[in-house]
Amino acid sequence: MTQTVAVLGTGKIGEALLSGMIRAGWRPAHLLVTTRRSERAEELRDRYGVETVTNAEAAKRADTLILAVKPQDMGRLLDELAPHTAPDRLVISAAAGITTAFIEERLSPGTPVVRVMPNTPVLVDEGMSVISGGSHATADHLAHTEEIFDGVGKTLRVPESQQDAATALSGSGPAYFYYLVEAMTDAGILLGLPRAQAHDLIVQAAIGAAVMLRDSGEHPVKLREAVTSPAGTTISAIRELENHGVRAALIAALEAARDRSRELASGNG
């Protein structure tokens, strides 16, 4: 890990990557960060012992640039980087909806670009980061990107044509579970439980179910059937979910998220 990596735009996701890399063994001396506000720069220096620099300086000094800015700020950042970014630099974008082609067109010809869609559980080292290589990215570039993002969870390579679908499932995915927990907690209150108890019951059920899905290797249908006794409470609840079209609503919601990701990628913000 002797390469120098710069994180440009060190907000929540950028800081999560930074801290994950340090925990994974990257030395702070090999990490650079950029941020808009001087007080934020001082905070990052004190917390992680890294050097804070300008975007232009990061482009000159770093072997790998991680662009962790908001999608609407990407064009301006690339204009700032273009005069200073050599084609041997690896550029990793963690901005939703920004294609590798968009970035390649604005940097030196031949610059390798990798697109990554992380989700917010990277903040607790349980993220899923979906990785796609641009037209100049090699297997080594993809492996290097995985090395960085494996420090904050899991990674999955997909063709870039599948990034919008992955954004709908994984990038936005945590929000669906929070929404479900919120609704189930409200149901618990309606059934007579205090909010705190209802919340704790649902959260632990969610954690337990997720671990079983991850570790058992069983299909979710088999796990659900194991809980669903004939003429029991669970099948009564499942019947109501089906009657209210919950499965169809989830499919429609994911399609809407995918379509919005496509709109963002085409510049229709």
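A salt bridge is a side-chain nitrogen of Lys or Arg within 4 Å of a carboxyl oxygen of Asp or Glu. The structure above is a predicted model, in which local features need pLDDT of at least 70 and side-chain atom pairs count only at pLDDT 80 or more, while totals for chains, interfaces and linings use all residues. Residues are numbered from 1 along each chain as its sequence is written, and side-chain values use heavy atoms, with hydrogens and water left out.

**Charged pairs**

Side chains of opposite charge can pair when their charged atoms come close. This model holds 23 salt bridges. Three of them are set out here.

| Pair | N to O distance |
|---|---|
| Arginine 37 and glutamate 39 | 3.2 Å |
| Aspartate 259 and arginine 258 | 2.9 Å |
| Aspartate 259 and arginine 262 | 4.0 Å |

Let's look at aspartate 259, which meets arginine 258 and also arginine 262. Aspartate 259 and arginine 262 sit three residues apart in helix 12 (residues 246-265), about one turn of the helix. Helices (H or I, at least four residues) and strands (E, at least two) are DSSP runs, numbered from the N terminus.

How open are these side chains? Buried means under 20% relative accessible area, exposed means over 50%, and partly exposed is in between (1.4 Å probe, protein chains only). Aspartate 259 is partly exposed at 34%, arginine 258 is partly exposed at 25%, and arginine 262 is partly exposed at 44%. Over in the other pair, arginine 37 is partly exposed at 45%, and glutamate 39 is partly exposed at 45% too.

Salt bridges can also join up: Glu15, Arg40, Glu43 and Arg47 are linked in a network of them.

**The sheet and its helices**

Eight of them make an open sheet in the order 3-2-1-4-5-6-7-8, with mixed pairing; two strands pair if DSSP finds at least two bridges between them. Which strands are at the edges? They are strand 3 (51-52) and strand 8 (153-157), and each pairs on one side only.

Strand 8 pairs with strand 7 (residues 127-133) in the parallel sense, over five bridges. Methionine 128, for instance, has lysine 154 in strand 8 as its bridge partner. Helix 4 (residues 74-81) packs on the sheet and touches strand 1 (5-8), strand 4 (64-67) and strand 5 (90-93), where contact means heavy atoms within 4.5 Å. The direction of helix 4 makes about 155 degrees with that of strand 4. Axes are lines fitted to C-alpha atoms, for helices over the stretch in contact, and angles run from 0 to 180 degrees between N-to-C directions. Helix 7 (residues 163-171) lies across strand 6 (113-117) and strand 7, at about 175 degrees to strand 7.

**Loops with a positive phi**

Two residues have a positive phi without being glycine. Aspartate 125 has a phi near 60 degrees; you'll find aspartate 125 in the loop between strand 6 and strand 7, partly exposed at 30%. Alanine 231 has a phi of about 60 degrees and belongs to the loop between helix 10 (220-227) and helix 11. Is alanine 231 buried or exposed? At 79% relative accessibility, alanine 231 counts as exposed.

**Around helix 11**

Alanine 237 lies in helix 11 (residues 233-243) and is partly exposed, at 41%. Alanine 237 and glutamate 126 are 111 residues apart in sequence and 30 Å apart in space, C-alpha to C-alpha.
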